[in-house]
Amino acid sequence: MEVVDLVQGSPEWHEFRAVHRPASETPIVIGVSPHMSRLELLKMRAAGIPTSAAPSSEMLFARGHRAEELARPIAEKIIGEELYRVTGKSGLYSASFDGLTMLHDIHFEHKLMNRELAACSKQADLPIHIRAQIEHQFMVSGSDRCLFMASDYDPDGQPIGDQVYFLCEPDYKLR
């Protein structure tokens with residue numbers, strides 16, 4: 001994997017995503033996304049429109065990013081290593097990691113807690129659209145494991161309910 005020196009969310013990062021195949025679009029491409037259809041993605045790509053969230057979703061995304069930041073130190077304690085937010089590419093495929101170890105052997109994927117994720121206790125329980133994104137991240141990074149975590153926090157930074165976390169392994173070895 002080649003690490004790309006971009007700040008996630010920056011205009012340059014959006015330009016990079018527009019010419020690569022990011023992990024977050026994989027569920028759309030394979031037809032398992034609950035958020036967008038392949039036709040919608042195709043139209044957006046053809047028109048050069050970034051596949052960013054609708055303005056109505058921005059508050060939810062901000063909450064998710066905050067939860068991810070608060071969860072990263074917990075994830076580091078679980079795996080016993082520091083995690084770095086990084087964007088990487090392998091050919092035309094790319095991924096923006098919520099965290100990746102220095103050796104790229106473990107990556108971190110965080111989602112904002114919801115009822116569906118609260119019921120998950122292992123990789124096979126995850127919704128297919130999340131499993132597809134994680135599998136794409138494995139392909140790009142070459143990592144051996146992914147620490148998946150779902151959590152949420154109140155305005156004071158205190159956890160709301162329980163966290164869900166477990167290690168995932170790639171379904172396919174593409175190396």
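This section describes a helix, a group of salt bridges and a pair of cysteines in a predicted model.

Helix α1 spans residues 11-18. Within this helix, Trp13, Phe16 and Arg17 are buried. These three residues lie on the same side of α1, because the arc that they cover around the axis is only 100°. The face turned away from this buried side carries Pro11 and Glu15, both of which are exposed. Several elements cover the buried residues of α1, including the strands β1 (2-4), β2 (21-22), β3 (84-90) and β4 (93-100), together with helix α3 (38-47).

Eight salt bridges are present in the structure. Side chains of opposite charge can pair when their charged atoms come close. Glutamate 68 takes part in a salt bridge with arginine 72, in which the closest N and O atoms are 2.7 Å apart. Both residues belong to helix α4, which comprises residues 58-79, and they are separated by four residues, about one turn of the helix. Glutamate 68 and arginine 72 are both buried, with relative accessible areas of 3% for glutamate 68 and 8% for arginine 72.

Glutamate 68 also forms a salt bridge with arginine 85, with 3.4 Å between the closest N and O atoms. This pair connects distant parts of the chain, since glutamate 68 is in helix α4 whereas arginine 85 is in strand β3, 17 residues apart. Arginine 85 is partly exposed, at a relative accessible area of 37%.

A further salt bridge, with an N to O distance of 2.9 Å, joins the side chains of glutamate 69 and arginine 72. These two residues are both found in helix α4, three residues apart, again about one turn of the helix. Glutamate 69 is partly exposed, and its relative accessible area is 37%. Through salt bridges that share partners, Glu68, Glu69, Arg72 and Arg85 are joined into one network.

The cysteines were considered next. A disulfide is a covalent bond between the sulfur atoms of two cysteines. The count of disulfides in the model is zero. For cysteine 146, the closest cysteine sulfur is that of cysteine 168, at 5.1 Å, which is too far for a bond; the cut-off for a disulfide is 2.5 Å. Cysteine 168 is likewise in no disulfide, the sulfur of cysteine 146 being the nearest cysteine sulfur to it. Cysteine 146 is buried, with a relative accessible area of 0%, and cysteine 168 also counts as buried, at 1% relative accessibility.

Definitions and conventions
Residues are numbered from 1 along each chain as its sequence is written. This is a predicted model: local features need pLDDT of at least 70, side-chain atom pairs count only at pLDDT 80 or more; totals for chains, interfaces and linings use all residues. Side-chain values use heavy atoms; hydrogens and water are left out. Buried means under 20% relative accessible area, exposed over 50%, partly exposed in between (1.4 Å probe, protein chains only). The arc is that of the directions from the helix axis to the C-beta atoms. Contact means heavy atoms within 4.5 Å. A salt bridge is a side-chain nitrogen of Lys or Arg within 4 Å of a carboxyl oxygen of Asp or Glu.
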